Amino acid sequence: MMRDQTGSNPAKQRYHIFTLIELLVVIAIIAILAAMLLPALNKARERGMASDCVGRLKQIGTSHVLYQGDFDDFYIRVDYGDAEGKWNWAFYMQQTYMPKTQVFLCPKGRSMFNAGGSWTGTGMITAPQSPKYFTVSHYGYNSYNLGDGTRLHGNAASPPPKVHMVKQPARKINCADSWDPNSTQRGRYIFTDHYAPSTATGNYQIHSRHLSTANILWCDGHIGAEVNAHPRLVVATPDYTYLSAN
């Protein structure tokens with residue numbers, strides 16, 4: 001009969017089998033480790049989406065610079081309507097400078113919002129009976145202050161301001177993460193006064209969707225992350241002196 005080096009008979013060796021209690025202990029340990037790691041993994045995923053969002057805002061900022069270079073330093077209108085139809089600022093940017101509509105869709109926003117109404121998931125729609133050319137945007141454009149002449153001339157139909165007319169551009173919002181709290185959908189513009197929304201209610205607000213933080217493209221081109229942006233940046237008395245007609 002063959003024996004191993006220890007002198008024991010291999011045929012008579014007994015193998016250890018996990019008991020039910022030992023198996024349950026192992027499963028419990030794995031569950032505890034998973035519970036500890038999942039929050040960290042979720043935060044890492046959220047930070048990744050926030051970083052992707054910043055990259056998209058940078059591209060939007062570049063498109064604004066290109067537009068201003070082509071149109072004598074004017075800011076683009078928030079939207080425009082005539083007999084031929086109507087388009088919004090994001091549609092014009094997408095058609096002229098950024099052919100990919102996905103740039104206007106925040107990674108976090110895509111998981112939170114539906115397209116809404118007659119908007120489509122891909123962004124652009126055309127209604128033959130009343131032509132409209134819109135690109136869905138999860139980023140709101142500073143409409144009252146930059147997108148038309150409301151604050152500069154007191155008339156929305158007047159031309160938007162030029163770049164040099166914005167005082168302290170590092171403190172003035174160009175575009176930002178936004179939403180419509182009344183319909184939980186996209187935000188193609190934001191109502192802002194001074195450097196923030198003037199009221200705590202209403203449509204199209206800055207949206208702190210990245211771990212309670214909103215990414216904001218400021219008029220000087222830099223992008224900042226603002227914690228609890230909407231309630232923190234709200235000003236009770238708007239300051240209209242940041243625009244100069246000179």
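Trainee: Which residues in helix 1 are buried?

Mentor: Buried means under 20% relative accessible area, with exposed over 50% and partly exposed in between (1.4 Å probe, protein chains only). In helix 1 the buried residues are Glu46, Met49, Ala50, Cys53, Arg56, Leu57, Ile60, Gly61, Ser63, His64, Tyr67 and Gln68. Helices (H or I, at least four residues) and strands (E, at least two) are DSSP runs, numbered from the N terminus. This is a predicted model: local features need pLDDT of at least 70, side-chain atom pairs count only at pLDDT 80 or more, and totals for chains, interfaces and linings use all residues. Residues are numbered from 1 along each chain as its sequence is written, and side-chain values use heavy atoms, with hydrogens and water left out.

Trainee: What covers the buried residues of helix 1?

Mentor: Contact means heavy atoms within 4.5 Å. The cover includes helix 2 (89-96), helix 3 (107-112) and strands 4 (139-142), 5 (173-179), 8 (213-218) and 9 (223-227).

Trainee: Where in helix 1 does a kink lie?

Mentor: The bend at a residue is the angle between axes fitted to the seven residues ending there and the seven starting there. Here a kink of about 25° lies at leucine 37, shortly before proline 39. After helix 1 comes aspartate 72, with a positive phi near 55°.

Trainee: How many disulfides does the count give?

Mentor: A disulfide is a pair of cysteine sulfur atoms within 2.5 Å. The count is zero. For cysteine 53, the closest cysteine sulfur is that of cysteine 106, at 4.0 Å, so it is too far for a bond. Cysteine 175 has its closest cysteine sulfur in cysteine 219, 8.8 Å away, also too far for a bond. Cysteine 53 is buried, at 0% relative accessible area.
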